[in-house]
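Trainee: I have a model open and would like to understand the words used to describe it. Could you walk me through them?

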Amino acid sequence: MVEVKRLIVLPGDFIKERKGEKLGKNVYVEGSNVFSRVIGILKLSENEIEVYPLSGKYMPMVGDKVVGIVKEVEVSGWLIDINSPYPAFLPLSEGVESFIDSRSDLSKFFGTNDIIFCKISRVTKNKIVQVSMRDFLARKLYSGIIIKVSPSKIPRIIGKAGSMINLIKNKTNCDIYTGQNGVIWIRGDEKAKAIEAILTIEKESHITGLTEKIEKLLSG
Amino acid sequence: MENSKKELLVDGKRLDGRALDQLRPIQMKLDVVSQADGSAEVRFGNTIAIASVYGPRALYPRFLQESETGILRCRYNMAPFSVEDRKSPGPDRRSIELSKVIRLALKPAIFLEEFPKATIDVFIEIIQGDGSTRVSGINAASLALASAGVPMRALVTGCSVGKIDGSLVVDLTGEEDMNSESDVAVAMIPDKNEITLLQADGELTKEELLKVLNYARENCLKINEIQKKVLRDKYKTVESE
Amino acid sequence: MEGKYALELLERGKRIDERAFDEFRQIEILKGVIQKAEGSARVKLGKTEVIAGVKIGIGTPFEDTPDEGILVVNTEFTPLASPDFESGPPGENAVELARIVDRAIRESKCIDLKKLVIVPGEKVLSVFIDIHIINHEGNLIDAAALASIAALTNTRVPKVEDEKTILRGQYEKDLPLLYKPITVSVCKVGKNLLLDPNLNEEDVLDSKLTIGIRDDDKICALQKQGKAFKFEEVEKMLDLAIEKSKILRSLL
């Protein structure tokens with residue numbers, strides 16, 4: 001089956017009749033007809049129908065790696081802002097390796113406004129969200145700054161197998177953590193250039209020739 | 001509604017020169033409110049409606065939350081300077097009613113169950129009123145919702161139809177509305193042939209009503225095409241740079 | 001939960017109180033129940049109860065209609081009528097109901113407002129219809145509209161002295177009524193259409209189309225509530241409402 005790239009679909013646009021394909025994100029079915037739910041780019045392959053949204057809020061999915069900001073230190077864990085209509089909770093057991101006396105002050109591990117890179121570990125049907133630091137990549141992020149982009153642009157910012165984000169990291173010598181929730185943490189002397197590159201990708205994510213444009217921007 | 005002293009049709013044409021079945025010039029623009037998650041401005045002739053959408057976002061106070069589904073809140077308001085006789089600021093009975101019917105016009109199109117405990121807030125401001133304000137507001141809100149990435153079954157489209165000086169017409173101006181024998185507001189999901197808003201007043205026989213509803217359906221389809229084009233163009237223009 | 005019970009029955013073609021789908025509950029109309037009002041009616045639709053009172057006062061006409069009297073329709077969802085009604089200014093449902101009834105009355109031209117002028121451009125009679133919900137057991141709109149019309153048929157215009165004072169208790173004539181508009185709210189549950197939903201049925205409705213119909217079968221008001229319905233379903237709803245309106249009108 002031909003991969004149809006860059007075909008923009010609108011909510012309600014008829015995609016095709018379902019012939020046993022898996023339904024990816026942002027499509028819905030009425031009878032055997034598949035439609036788009038959002039404005040986005042249609043991705044059709046032999047066994048999956050999916051639409052990549054061009055806008056929208058971050059909805060947490062298990063397994064996503066996100067950049068979060070600690071909002072509140074609570075008794076048994078921390079409340080984390082993951083840039084979503086839904087707050088996340090980092091339980092004590094998922095945040096710290098060793099045994100912690102419940103009377104100790106948890107803010108010495110993570111304090112308000114600390115930035116963390118963590119994993120979404122649970123999402124219930126009613127959107128109660130739990131995150132965990134039990135991942136190879138999870139860590140507290142020191143210094144640096146945060147920028148927020150539309151979560152739907154993150155795949156383009158990362159690029160195929162990380163090609164785009166690595167290009168930016170290499171050319172600017174910055175440490176960059178990209179959260180699937182649209183929050184990006186950057187640290188380094190040339191972070192202004194990195195930010196410009198990222199914001200350009202966000203604005204023009206759906207056009208071709210973007211990679212060349214970014215390379216040019218970063219070399220300048 | 002009836003004040004048939006005023007002649008609204010001269011030689012088969014309306015006061016603004018339109019044919020009976022002609023829509024006013026329509027303009028639609030996206031992203032007019034940068035702070036909003038999605039926004040749009042829609043003009044039908046002199047009527048100007050701006051809609052902005054915030055959400056889905058967390059809903060407080062907690063007791064308003066629905067644990068299994070998101071809610072939709074809608075506020076329709078007319079600016080004091082939007083009409084000839086200044087309208088006192090703040091909600092009046094008409095705005096309260098219209099806020100409700102507009103909310104119900106948009107709701108069937110939105111996948112609210114995807115956002116338990118959250119809310120999607122729609123704000124519509126009429127900054128210039130010349131008839132058909134609620135349907136213009138719905139057309140703008142629909143664009144704003146799609147633009148914000150809110151998952152929808154399809155777009156919602158509205159238009160007004162009615163009867164003036166014995167003839168059935170489309171897209172009434174303020175003057176026509178006030179002097180009409182009947183005016184009917186319709187909103188639908190054209191892609192699904194579903195009616196989501198239907199209000200009428202005046203005097204119509206059942207046959208006239210059915211005829212005028214068909215008129216509405218035809219024109220909602222036309223307006224829907226304009227909405228779709230505006231959304232597609234947003235991404236197309238950047239593509240050609 | 002009784003609400004869900006209603007849905008199960010409806011899907012099997014039955015209603016909780018065993019009525020036919022197009023059958024109204026027992027209707028009771030009592031006119032002239034409020035002495036101090038110029039007109040009044042107390043209406044029961046099953047257990048739903050509404051009192052409408054008409055008061056006539058003197059007012060200044062609107063600038064653009066100097067030769068017409070004034071009509072105002074107001075409704076009060078009194079807290080005693082339902083655990084869901086709160087004290088305070090009318091909520092959106094109360095406002096909507098008042099405006100629907102207002103449209104049914106005003107747009108049908110049932111009151112000839114031109115006959116309510118005292119001094120053209122300066123003084124006219126104002127007709128206030130106040131609808132008080134006494135018990136909410138479903139279908140408030142049809143009950144309220146019926147009560148309003150019943151009250152209007154009962155209304156007498158008081159004498160006016162020196163073009164400025166109402167002489168309460170002294171009547172000049174009956175309020176001239178040209179028509180008796182009736183509202184019938186046609187409800188959709190799944191594939192079924194039903195009339196006069198009780199409270200449990202209202203909780204499970206998909207949508208409702210309130211149709212205001214005049215004596216000559218002209219449609220003078222329409223208001224849709226609830227979810228969407230298909231274009232093709234409208235005609236059936238109109239036919240059902242027009243047929244039923246005649247029966248209701250005959251009770252006035």
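Trainee: Let's begin with a strand pair in chain A: which residue stands opposite A:Val123 in β12(A)?

Mentor: That is A:Val129. Keep in mind that you are looking at a predicted model.

Trainee: What makes β11(A) and β12(A) a pair of strands?

Mentor: Two strands count as paired if there are at least two bridges between them. β11(A) and strand β12 (residues 129-132) of chain A have 4 bridges, in the antiparallel sense, so by the cut-off of at least two bridges they pair. The hairpin they form has 5 residues between the strands, and A:Lys127 takes a positive phi near 65° there.

Trainee: Which other strands does β11(A) pair with, and over how many bridges?

Mentor: Strand β8 (residues 65-73) of chain A pairs with β11 (residues 115-123) of chain A over 5 antiparallel bridges. You can find A:Lys65 opposite A:Lys119 in β11(A). Strand β13 (residues 139-141) of chain A is joined to β11(A) by 3 bridges, again antiparallel, and there A:Ile116 has A:Lys140 as its bridge partner.

Trainee: Where do the domains of chain A lie?

Mentor: Chain A is divided into domain 1 (7-53), domain 2 (65-141) and domain 3 (145-219). Between the C-alpha centres of domain 1 and domain 3 of chain A there are 28 Å.

Trainee: On to the complex. How do you know that chain A and chain C do not touch?

Mentor: A contact needs C-beta atoms, placed from the backbone, within 7 Å. Chains A and C do not touch, and their nearest C-alpha atoms are 16 Å apart. Of the 2 pairs of chains that touch, chains B and C have the most contacts.

Trainee: How many residues does each chain bring to the contact of chain C with chain B?

Mentor: Chain C brings 26 residues and chain B brings 27 residues. On the chain C side, α2 (92-107), β12 (219-226), β13 (229-230) and α5 (233-250) each supply at least two residues. β12(C) has the largest share, 8 residues. By class, this side of chain C has 12 nonpolar, 3 polar and 11 charged residues.

Trainee: What makes β12(C) and a strand of chain B a pair across the two chains?

Mentor: The cut-off is at least two bridges. Strand β11 (residues 194-204) of chain B is joined to β12(C) by 4 bridges, so the two strands pair, and they run antiparallel. B:Gln199 is opposite C:Gln223 in β12(C).

Trainee: Why are α1(B) and α2(C) called roughly perpendicular?

Mentor: Helix α1 (residues 93-106) of chain B and α2(C) pack at about 105°, with axes 9 Å apart. Angles of 65 to 115 degrees count as roughly perpendicular, and therefore α1(B) and α2(C) get that description. The contact is made by B:Arg93, B:Ile96, B:Glu97, B:Ser99 and B:Lys100 of α1(B), with C:Glu92, C:Val95, C:Glu96 and C:Arg99 of α2(C). Its residues divide into 2 nonpolar, 1 polar and 6 charged.

Trainee: What does chain B bring to its contact with chain A?

Mentor: 25 residues of chain B meet 20 residues of chain A. β5 (47-58), α2 and α4 (206-239) of chain B each give two or more residues to that side, and α4(B) gives the most, with 6 residues.

Trainee: What makes β3(B) and β6(B) edge strands?

Mentor: β3 (26-30) and β6 (71-78) of chain B each pair on one side only. The open sheet has 5 strands in the order β3-β4-β5-β7-β6 (chain B), with mixed pairing.

Trainee: Last one: where does pLDDT stay under 50 in chain B?

Mentor: Over residues 237-241 of chain B, for which the model has 4 contacts beyond four places in sequence. Where pLDDT is low, the predicted coordinates should not be read in detail. For chain B, the mean pLDDT is 92, with 96% of residues at 70 or more. For the complex, the predictor gives an ipTM of 0.89 and a pTM of 0.89.

Notes: Residues are numbered from 1 along each chain as its sequence is written. Chains are lettered from A and ligands numbered from 1 in the order in which they are written. This is a predicted model: local features need pLDDT of at least 70, side-chain atom pairs count only at pLDDT 80 or more; totals for chains, interfaces and linings use all residues. Ala, Val, Leu, Ile, Met, Phe, Trp, Tyr, Cys and Pro count as nonpolar, Asp, Glu, Lys and Arg as charged, and the others, Gly among them, as polar. pLDDT is the predictor's confidence in each residue, from 0 to 100. Domain bounds come from an automatic or database domain assignment. Axes are lines fitted to C-alpha atoms, for helices over the stretch in contact, and angles run from 0 to 180 degrees between N-to-C directions. Angles under 35 degrees count as roughly parallel, over 145 as roughly antiparallel, 65 to 115 as roughly perpendicular and the rest as oblique.
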